[in-house]
Amino acid sequence: MDFAFDARTEELRAKLLAFMDEYVYPAEAVAEEQRAALASPWDTPAVVEELKAEARGQGLWNLFLPDAEYGAGLTNLQYAPLAEITGRSPQLAPTVTNCAAPDTGNMEVLTQFGDEQQKKQWLEPLLAGEIRSAFAMTEPEVASSDATNITTRIERSTNGTDGTDDYVITGRKWYISGAMNPDCKIFIVMGKTDPDGEDIRRQQSMVLVPRDTPGVTVKRAMKVFGYEDHYHGGHAEVIFDHARVPVTNLIGEEGGGFAIAQARLGPGRIHHCMRLIGMAERAIELMCRRAVSRDAFGKALAQQGVVHNWIADARVTVEQLRLLVLKTAWLMDTVGNRGAHAEIQAIKIATPRAVVDIIDRAIQLHGAGGVSQDFPLAELYAGARTLMIADGPDEVHQRSLARRELKKYL
Ligand SMILES: Cc1cc2nc3c(=O)[nH]c(=O)nc-3n(C[C@H](O)[C@H](O)[C@H](O)COP(=O)(O)OP(=O)(O)OC[C@H]3O[C@@H](n4cnc5c(N)ncnc54)[C@H](O)[C@@H]3O)c2cc1C
């Protein structure tokens, strides 16, 4: 077994690490200052656009997309260590390299399932970083961790103007990431075209709904532990009130929505885990720097035994998580997302909770500073904690993983 990265990965790692040091970390404070001066906090600070141009110029662009025709053409195993590096600055680095969720998942869906017209109209500007997008599945009224519960209606109806068919969409969604950003021009909406269909996994379809469609209202920004997540374009409540789009906006086939959602989530989940490891590395670095630079009761915090335990445990955990994530990436590359299903679930269960724990210790070591806005730890904590819920709550993955395990004995 060879644990070394290949030459292309090493080259991109070196470039990305230099880009982070030279551009991304220094821009974190600049972006905050610029945002405070913007007319709306949802607008994009100028420094983000400057960094996007720089990243694109350096070839640090669309690294997530394995399809070489549209993206960098990297395998999951090649992308994993790069996503980890961007996770060290989760507010800026994924966005400026055009590798941020939910755009990444949406670009994957359009690459795999979009027709030529949909690719031209929406995939191309997304790949160029000219627009942003959102994925609208979750609904406040139903337990959306079970996607068969969603109630949004997508009804086919003849258009009174020219007699062609449209889809009319009616429903209420929330926690729709990215939708508060005015650059978010397109929603991929999951709803039911056949609510009474016998097969509960064939009732759903996905349609492209442009933001400016009459009947679409981005109502309010939902908060995450009080944070508005401006860099991710927030998490919006969105109302679709008889929003009408042409039938050509259907992605794939009618009844194919559930399967597309499943296909979208596999890579999305591993990307989150890769970035979480980067977040844990940043927390460990902050913890160590603080521990050696602050004294209490006559000695540096770094000399306290309990601090040694925290640091050592964090290092052991990160090394374990990274190996499991890399193994999962390798499996996805070699046997496909379906073949790597159990491992994808395992990392999605293991990584957020372990990283939450590491960041929690780093917060503790920083005292009041840990929960303040002067260090990134509180925001990192909030981001990591939500990943025990988003993209499938832990318990749903545990249920499925345990069933798979039990099956061997039945
Ligand atoms: C920050 C953030 C960003 C998000 N972004 C998006 C987005 O862009 N687009 C989108 O569509 N959605 C998004 N979501 C929504 C997210 O995907 C859902 O919250 C998630 O799927 C859970 O659905 P729910 O909130 O309806 O919880 P429910 O389905 O109501 O579940 C509540 C809880 O019940 C428990 N539970 C559920 N099933 C089981 C089970 N089988 N066994 C045991 N316990 C169980 C779990 O503890 C679970 O957390 C986001 C959420 C957050 C927090």
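Residues are numbered from 1 along each chain as its sequence is written. The model is predicted: local features need pLDDT of at least 70, side-chain atom pairs count only at pLDDT 80 or more, and totals for chains, interfaces and linings use all residues.

**Stop 1: the domains**

Colour residues 7-114 as domain 1, 132-251 as domain 2 and 259-407 as domain 3; such bounds come from an automatic or database domain assignment. The C-alpha centres of domain 2 and domain 3 lie 30 Å apart. Where these two meet, nine residues of domain 2 are in contact with eight residues of domain 3. Contact means that the C-beta atoms of two residues, placed from the backbone, lie within 7 Å. On the side of domain 2 that touches domain 3, eight residues are nonpolar, one is polar and none is charged. Here Ala, Val, Leu, Ile, Met, Phe, Trp, Tyr, Cys and Pro count as nonpolar, Asp, Glu, Lys and Arg as charged, and the others, Gly among them, as polar.

**Stop 2: the ligand**

Select the ligand next. Which residues come nearest to the ligand? Of the 22 residues around it, they are Met137, Thr138, Ala143, Ser145 and Glu395; a residue is near when its C-beta atom, placed from the backbone, lies within 6 Å. The elements β1 (132-136), β3 (165-177) and α11 (394-407) each give two or more residues to this shell. Helices (H or I, at least four residues) and strands (E, at least two) are DSSP runs, numbered from the N terminus. The shell comprises 12 nonpolar, seven polar and three charged residues. Because domain 2 and domain 3 both give residues to the shell, the ligand lies between them.

**Stop 3: α7 and α9**

Show α7 (residues 257-293) and α9 (residues 341-365), whose axes come within 9 Å and cross at roughly 20°. Axes are lines fitted to C-alpha atoms, for helices over the stretch in contact, and angles run from 0 to 180 degrees between N-to-C directions. The angle makes α7 roughly parallel to α9. Angles under 35 degrees count as roughly parallel, over 145 as roughly antiparallel, 65 to 115 as roughly perpendicular and the rest as oblique. Their contact has 18 nonpolar, two polar and four charged residues.

**Stop 4: α9 and α11**

In α9, select Ala342, Gln345, Ala346, Lys348, Ile349 and Arg353, which meet Asp394, His397, Gln398, Ser400, Leu401 and Arg404 in α11. This contact divides into four nonpolar, four polar and four charged residues.

**Stop 5: α5 and α7**

Return to α7 and display α5, which packs against α7 at about 135° with the axes 9 Å apart. That angle makes α5 oblique to α7.

**Stop 6: two backbone details**

Most residues other than glycine have a negative phi, and most peptide bonds are trans. Centre on Pro102, in the loop between α4 (93-96) and α5 (103-113). The peptide bond from Ala101 to Pro102 is cis, with omega near 5°. Finally, find Asn62 in the loop between α2 (46-57) and α3 (76-87). Although Asn62 is not a glycine, its phi is positive, at about 50°.
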